[in-house]
Amino acid sequence: MASGEKLKLVEDELSFSTTGMRAHKSTRRRRAPGLLLAFVAALCVLASPVGPKGLWSSALATVASILHTSPSTLPHLRDTQSTTATNLTGNGRTTDVLWDKYSLVIKGQRVFLHSGEFHTFRLPVPDLWLDILQKAKAAGFNAISVYTHMGLINPSPGVVDFNDYRALKPLYEAAKHVGVWIVLRPGPYINAETTAGGIAHWVTSQVAGELRTNATDWNAAWQDYIHGIITETIPYQIDHGGPVIAVQIDNEYTQSPATHAAYFQELEDVYHNSGIVVPLTANDPVEGQNWINGTGAVDIYGLDSYPQGFDCSNPTVWSAVVTNYYSYHESVDPGQPWYFPEFQGGSFDAWGPTAPGYEQCRELTGPDFESVFYLNLWASNAKLINYYMLYGGTSWGALPFPGVYTSYDYGGAIAENRQLTTKYPELKRQGLFLRSSPEFYKTDYVGDTTTSAVTTTSPSVHVTMLRNPDTRTSFYIARHNDSTSTSTINFKMNITMESETIQVPRVASAITLSGRQSKIIVTDYSFGSSKVWYTTAQVLYAGRIGSRDVLYLYGDPRQEHEVALALNGTPRIRAQSSSFQWNTVKGITTVSLLTGIEGLVTLWDSDQQLVLYSDTATAGTFWSPEIPSNDGGDFASYWQFGTNASILVGGPYLVRNATMVGSKLELRGDLDEGVRLTVIAPDNVRMVTWNGFPVSPDVNAASTITTVGAFSADLSPSLSGLGLGLPKLSNWKYADSLPEIQGNFSDANWTIANHTSTNIPFKPYYGDGRVLYGCDYEFCENIVLWHGHFNATEETKSVNLSINGGEAFAASVWVNDVFLKTSYGNSTNNKDVVEETDEVFYFPPGSLKYGEDNVITVVQDNMGLDENGEDHVDDEKSPRGIRGFMLNAGNFSEWKVQGKLGGYTDFPDKVRGVLNEGGLYGERQGWHLPGFNTSLWMARDLSEGLPSSSAGVGFFVTTFKLGIPEDFDVPISFTFDESTQPYRALLFVNGWMMGKRVANLGPQYDFPVHQGILDYNGVNTVAVALWAMESIPISPTLKLTAKAVYEGGVGKIHTNNPAWSAR
């Protein structure tokens, strides 16, 4: 509230007429419950006399008739779902998900699909998935988009594993509990900056045919995985009361050549021959008109778009908005709703010392970007939008493809450690507007300032007009003509109300756009049964709370704003100060909001209406949790389906949910500091609890907001959260993890590398015909060791090796026990990329044993397999290993290879999975697992590096205990030194490889690790596999860092960290 602001209790009754304002017809329409809708449609189909070809159209007509004529029994649902039978389209398999040119129609309700991307495999703690879903729902999202990972689920031929973090059932159950829809995207190829684009590693060496085509062996390879996805998903489709409303076919692919189209068709045929009934979708990587018509065409076409690209080095330098989204859609697919399966929600970041890091990605795609680019997307009349990523998570183990490091934070609105970021409030403001504005779900594109459909007083502004054809509500979306501009524009614009054209604002000086800002000016806009004539302030919330119509507006305090509306009811409070100018003419009250207004202000409070206003930042601190239906039905938690009841709650860091039990309102959420709790609730609320504890109300403070239905109190974290210290990582134990270079080491159990052919299309450069690619021997991921045996003579001076490990890899080479050197790959923010090297390694005097067996040892880091390339096919079949080998004199007698224990068919750790371990000796022995006995190891601090400052690999292991109360969420990171020393370190926490530190390249040195991997009330094991890449002293350090303390949390978090057993 502005300094000196006063609120006047209005005791005298004022009278308002509605002359001059189009009467609002408060029609309400019953949403037929899902079972009833399906039953009625089925009866009509069964009774239809039109024959088999007419059955589907009969069902469509039935659903459309229900949409068009049935009154709603759900409170507060506005009349915006009208459609006709001829406009509805479906896939012929279900009437639960239909569509027309405007939007989806789900179970008879018109829906704006507002979605965020979330990959459960990047958060391998199923109990925490609820946390992400609750944060998505709290931001106003009604859906998530989910990739699944073939490489994790189908780790070897014939094996399909939906246990633990690979499971889909707990995700589906959590989504249903929270009330969000799911668009499932199972690939098999998903891209996602993950190794091989998600294709199982075994496929890349065992399949000879071209991947992602109709090649027979590729078709056979994906069958088990896709059928597994189908089996898990059928019971959780919307027609079964579940959250799944669509399935995407593969990912970002072109329809030509014909083999691509045939591949899509094969995938679609498998779904169609199963119990999957929801629509199939596709995401075109460019405006290429792929998958709209012809072989492989899908039910719903979508376009991916990343207008800022993927280099966050200059976060204040923008590319302009794309201006042809609407015209492209109208030219290629005008009969369907406009769908963006992926729109930029951040960016991935690359290896290298000049890589900017994710905070700069968060700045590049921050609140200003969300304002300008997301509203520009809305202005194109898109009604199905998924932001990639909402939550990025962690590419732990061997998940990354070579272009990215462990963190997949993505600069998202929810950070890798699950904290809400500076991007989140703007997403929430937009999300609550969308949820409040069903009239926006069905709009016609009228035109913009370039077509004279909209007239403004400034040539520097671009305004697009969308209008609901049924209610005539209009949405004017304004931005700078130059969307990258940082200047301020003041303008007025013409709007048409009924047949009258007026210029707004009428009293305030102008509509103001600050640099890189967009706005939505609404006209003839509903809140409950009331109407807004127009507002240049932004809408956060519009609807009914209890028996009153509630409107919450907000705006920049440096700007003037204006709202015109009909005020009804017996007044109680009206804002009175020089910051507000009131003018009532013919029943329409215009309120001009001058500069300097901060905090929450009640503009109008009566027995029928409540109108609130605040500055933008204050609006970002408010939440609007939905009140689930008490009937306990399948969709009790879904907005528009089980409930249309919600409240307003201001102050807390997070409000997870709200329930009503009689006259008691139960709130659950998180606090990070003391706040003023503000609640706008139904009049019958008599008690408010926070996380189960009653809250003492401040009656006087509440009465300044509204005289009924308001609740205010001070809310503070309990003292038990104070002083949650983290232990120092000390008492390290050490053991050498490279015995393979010692003369007494036997590699008799290693795999003989004697293949002379390969399905990998990138062939060896030189050698003797043997193929030394790790995947050909089941060792596709993480560190792989090679032994090359040869008989040396005095002429043997060197070895030439070509080593391929992917971008930013490294390989260290020994002859016998003598270190030769390390061969370095490179990346400098995805520039100067080196993914393979070709070097000569010279043998120092005394390093060889003439006339005896000598051994070359190569320790090679595999940075993941490449994604599908643009230049040539099958990049996923990456030639990781040794692509060339040659002694200057003599030949190799034998090559042997060792990767993770058991390869991809017999790896022992089925819980953590196929991508968790590599081939280091310590990994093969299980030294990284909890419970391994290190009592006989030497004591050596991690900061001392390897003994004698030698190059090599050593394991450092310690344990520590945590004691964090269950009702606290404490994001914890393992933080290395920020040096550029020549070392690599694999970070294992309770057996999980949660980080790869590449100190000489960077940029990552801080590795978040979640509760569930960490035991917050027990003993934890941390192991660091330290790879010193040069024979110089190195001194890495590692500490625990708590990023914040939140009281509340998501509830009980279970651990699943199998302990060591003999291998």
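Two strands are said to pair if DSSP finds at least two bridges between them. Helices (H or I, at least four residues) and strands (E, at least two) are themselves DSSP runs, numbered from the N terminus. With those terms in hand, we can walk through this structure. It is a predicted model, in which local features need pLDDT of at least 70 and side-chain atom pairs count only at pLDDT 80 or more, while totals for chains, interfaces and linings use all residues. Residues are numbered from 1 along each chain as its sequence is written, and side-chain values use heavy atoms, with hydrogens and water left out.

Let us begin with an open sheet of four strands, which run in the order β30-β31-β34-β37 with antiparallel pairing. Its edges are β30 (622-623) and β37 (710-715); each has a single partner strand, so one side of each is left without a neighbour in the sheet. Further in, β31 (residues 648-650) and β34 (residues 675-680) are joined in the antiparallel sense by three bridges.

T535 has V563 of β24 as its bridge partner.

Contact means heavy atoms within 4.5 Å.

Strand β38 is worth a visit as well. β38 (residues 733-736) pairs with β49 (residues 938-939) in the antiparallel sense over two bridges, and Y734 has M938 of β49 as its bridge partner. β38 also pairs with β50 (residues 952-963), again in the antiparallel sense, over four bridges.

Now for the helices. Two packed helices are described by the angle between their axes and the distance between the axes. Helix α3 (residues 129-138) packs against helix α5 (residues 169-178) at an angle of about 35°, with the axes 10 Å apart. The contact brings together W129, L130, L133, Q134 and K137 of α3 with P170, L171, A174, A175, H177 and V178 of α5. By class, these residues are eight nonpolar, two polar and one charged. (Ala, Val, Leu, Ile, Met, Phe, Trp, Tyr, Cys and Pro count as nonpolar, Asp, Glu, Lys and Arg as charged, and the others, Gly among them, as polar.)

Helix α7 (residues 216-233) and helix α8 (residues 258-272) also pack at an angle of about 35°, with their axes 11 Å apart. W218, N219, W222, Q223, I226, H227 and I230 in α7 meet Y263, E266, L267, V270 and Y271 in α8. This contact has eight nonpolar, three polar and one charged residues.

Where does S514 sit? S514 is in the loop between β19 (511-513) and β20. Its relative accessible area is 14%, so S514 is buried; buried means under 20%, exposed over 50%, and partly exposed in between (1.4 Å probe, protein chains only). The side chains of S514 and Q559 are joined by a polar contact of 2.8 Å. A polar contact is a pair of N or O atoms within 3.5 Å; within protein, one must be able to donate a hydrogen and the other to accept it, and residues adjacent in sequence count only if both atoms are side-chain atoms.

H114, in strand β5 (residues 113-118), is buried at 2% relative accessibility. A polar atom of the H114 side chain lies 3.4 Å from the backbone oxygen of G140. E500, in strand β18 (residues 500-504), is partly exposed, with a relative accessible area of 43%.

Note on methods:
Axes are lines fitted to C-alpha atoms, for helices over the stretch in contact, and angles run from 0 to 180 degrees between N-to-C directions.
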